[in-house]
Amino acid sequence: MVRRNFLKTISAGGTLLITPPGLHGMSETNVLEQISVMRHKEILTADIVIIGGGLGGVASALSSLRNGKRVILTEETDWVGGQLTQQGVPPDEHPWIEHTGSTKTYRDFRNKIRDYYRRNYPLKEHLKDVLYLNPGNASVSRFCHEPRVALAVISELLAPYISSGRLTLLYRHKAINSVTNKDIVEDITVKNILTGDIRILKGQYFVDATELGDLLPLTGTEFVTGSESKKETGELHAPQEADPSNVQAFTVCFAMDYLPGENHVIPRPKDYSFWRKFTPQLKQPWPGKLLDLHYSNPRTLEKRELCFDPTEKGCGNIFNLWSYRRIVDKNNFEEEAYRSDISLVNWPQNDYFLGNLIGASDKNFHSYVEGGKQLSLSLLYWLQTEAPRHDGGKGWPGLRLRKDILGSDDGLAKYPYVRESRRIKPLFTVTEQHVGKENRALVATGDKDKAAFFHDSVGIGYYPIDLHPSTGMQNYIDMDALRFQIPLGALLPIRMKNLIPANKNIGTTHITNGCYRLHPVEWNIGEAVGELLSFSMDNRYTPHQVREQQAVLSDFQLLLRSRGIEPEWPSDEELEKMKY
């Protein structure tokens with residue numbers, strides 16, 4: 001057979017391979033190379049394919065697996081757990097979290113973390129039986145802990161499903177392509193970031209649990225980004241003009257401890273001169289330099305003083321950043337177990353808003369993340385060398401970057417803490433009128449102190465509307481929200497039938513994303529998605545039909561209740577007894 005004809009019909013193991021249409025017109029060498037690549041692609045199949053191993057992805061996987069489904073879960077880094085682990089953000093929660101305002105499995109997960117400390121850490125004897133143990137005693141939350149402990153517990157939860165073969169967990173994999181047929185996703189192609197290996201993932205349903213909504217453009221799913229205009233949403237605090245490029249800052253977090261009398265000053269970061277002088281040029285003024293112990297009060301935007309003192313002796317009544325996101329309080333553990341507290345740094349001073357990760361090219365993405373890393377390292381160096389002390393001196397050279405805490409070579413989080421993603425165009429969009437306290441009071445016809453009631457609720461949550469400075473040079477937007485529900489309609493794309501979001505990519509606006517983006521809500525969204533897809537498969541409905549048919553929706557909500565997913569908040573009287 002001549003070479004030209006051989007390229008048309010290549011026999012491999014007795015199988016006749018026809019040159020794919022997309023390869024026609026290429027040189028013979030390139031055709032052979034491309035066919036070789038195609039032959040080495042691995043095809044994996046499951047009931048549900050989940051792209052993204054953050055809290056939403058993990059919760060979605062666990063609920064799907066509990067319902068007997070086969071699952072493929074992918075993760076870009078080598079840690080699952082998203083903002084709680086690889087991004088280094090301790091849980092930020094509401095006052096009722098120990099009893100309600102999250103799913104039962106989320107509260108069980110938190111208690112398993114506490115049990116892990118009781119089983120493995122040298123806690124002081126009187127703390128071993130404390131019901132609501134808080135290893136870090138931080139001010140941001142009643143429960144702050146090490147990322148690695150959360151990772152260990154998640155690994156325990158996933159382990160039996162991996163062992164049985166029902167869960168395939170692919171670390172270091174990123175989605176790069178998809179095949180769709182009208183409004184159906186047929187497969188997602190993922191690439192191993194380290195080896196370049198290609199896998200094609202096939203399933204009945206696909207879940208986008210990525211941090212930036214990566215599957216939406218890959219699959220042609222309609223989505224929005226940035227801030228909507230007042231004309232579009234009618235929201236009280238929406239701007240007059242939309243700005244799709246205006247998204248919240250991301251943060252590259254890091255952990256540190258403090259060893260007085262020692263010198264752990266890092267090499268001067270290459271961008272330190274820039275950040276040391278940097279004054280944010282926001283449309284609502286920032287009160288001075290970014291590397292400073294002052295920032296804009298998120299509510300009033302007035303200048304607010306902060307304090308930093310790892311000895312906790314010199315701050316008085318001024319807010320001390322050292323204990324803000326502390327994950328280890330050494331006083332909780334036996335003497336000599338820890339030489340210092342350990343604190344995670346996710347502060348106003350290392351919010352990076354000079355680049356938008358959404359839609360960025362690979363080159364720009366890495367450039368922006370590197371910029372965020374340089375800012376965080378510059379903040380650490382400033383704290384070590386120039387930060388003002390209460391005794392009149394400057395700098396805390398005993399501050400030590402704890403590279404081991406976040407498991408990275410540079411000591412920084414494995415992935416930036418992303419506050420805002422692409423968002424689907426949904427059947428129903430949650431707006432400020434539904435959940436914002438001030439806006440709700442202007443539009444509600446009934447109880448103005450309650451968020452809008454959603455008949456299709458699949459969960460509940462609470463967090464203020466909290467938007468950090470943004471790439472559009474907007475300062476904080478921070479205001480009271482009301483205890484809210486999670487409507488099923490916000491999880492359903494307007495057109496695509498088998499792709500469902502499970503992270504910050506649901507049907508909120510730029511403003512309401514600010515209260516739907518934290519740990520317990522993301523977990524609830526993911527768990528509800530897993531239950532929804534399992535229910536749909538078991539009963540031969542589409543997810544859209546579950547919402548459309550009231551009797552079916554009611555059955556689904558009863559199922560959610562039985563699984564510990566509350567569709568509505570308890571009464572005010574009941575909540576008063578639960579609040580801590």
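The legends below describe close-up views of a predicted model. Local features need pLDDT of at least 70, side-chain atom pairs count only at pLDDT 80 or more, and totals for chains, interfaces and linings use all residues. Residues are numbered from 1 along each chain as its sequence is written, and side-chain values use heavy atoms, with hydrogens and water left out.

**View 1. The parallel sheet of five strands.** Strands in the order β6-β5-β4-β10-β25 form an open sheet with parallel pairing. β6 (167–171) and β25 (499–501) are the edge strands; each has a single partner strand, so one side of each is left without a neighbour in the sheet. Averaged over the sheet and with direction ignored, neighbouring strands are turned by 15° against each other. Strand β4 (residues 48–51) runs parallel to β5, and four bridges join the two. In this pair, Ile-50 stands opposite Leu-73 of β5. Helix α3 packs on the sheet and touches β4, β5, β6 and β10 (205–208). The direction of α3 makes about 165° with that of β5. Helices (H or I, at least four residues) and strands (E, at least two) are DSSP runs, numbered from the N terminus. Two strands pair if DSSP finds at least two bridges between them, and contact means heavy atoms within 4.5 Å.

**View 2. Helix α3 against helix α5.** Two packed helices are described by the angle between their axes and the distance between the axes. Here α3 (residues 55–66) and α5 (residues 147–164) pack at an angle of about 35°, and their axes are 11 Å apart. Axes are lines fitted to C-alpha atoms, for helices over the stretch in contact, and angles run from 0 to 180 degrees between N-to-C directions. The crossing is left-handed, a term used if the near helix is turned anticlockwise from the far one by less than a right angle. On the α3 side the contact is made by Val-58, Leu-62, Leu-65 and Arg-66, and on the α5 side by Ile-154, Leu-157, Leu-158 and Tyr-161. By class, the contact has seven nonpolar, no polar and one charged residues. Ala, Val, Leu, Ile, Met, Phe, Trp, Tyr, Cys and Pro count as nonpolar, Asp, Glu, Lys and Arg as charged, and the others, Gly among them, as polar.

**View 3. The antiparallel sheet of four strands.** The strand order in this open sheet is β16-β17-β13-β19, and the pairing is antiparallel. β16 (326–328) and β19 (399–401) are its edge strands, each pairing on one side only. From one strand to the next the twist averages 35°. Two bridges link β16 to strand β17 (residues 342–345) in the antiparallel sense. Val-328 stands opposite Ile-342 in β17. Helix α9 packs on the sheet, where α9 touches β13 (254–258), β17 and β19. The direction of α9 makes about 155° with that of β19.

**View 4. The largest pocket.** About 950 Å³ of space lies in this pocket. Of its 34 lining residues, Glu-76, Lys-174, Phe-365, His-366 and Tyr-415 are the closest to the centre. β7, α6 (215–219) and α9 (362–385) each give two or more residues to the lining, and α9 gives the most, with six. The lining divides into 16 nonpolar, five polar and 13 charged residues. On a 1 Å grid over the protein atoms alone, a pocket is an open set of points with protein on both sides within 12 Å along at least five of seven lines, whereas a cavity is a set of points where a 1.4 Å probe fits but cannot get out; lining residues have an atom within 4 Å of a point. Grid points are joined across faces, edges and corners, and a volume is the space filled by probe spheres set on the points.

**View 5. The largest cavity.** The structure holds three cavities of 30 Å³ or more, and the largest has a volume of about 160 Å³. Its lining has 17 residues, and Gly-52, Glu-75, Glu-76, Thr-210 and Glu-211 lie nearest the centre. The elements that give two or more residues to this lining are β5 (71–75) and β7 (173–181). β7 gives the most, with three residues. By class, the lining has four nonpolar, eight polar and five charged residues.
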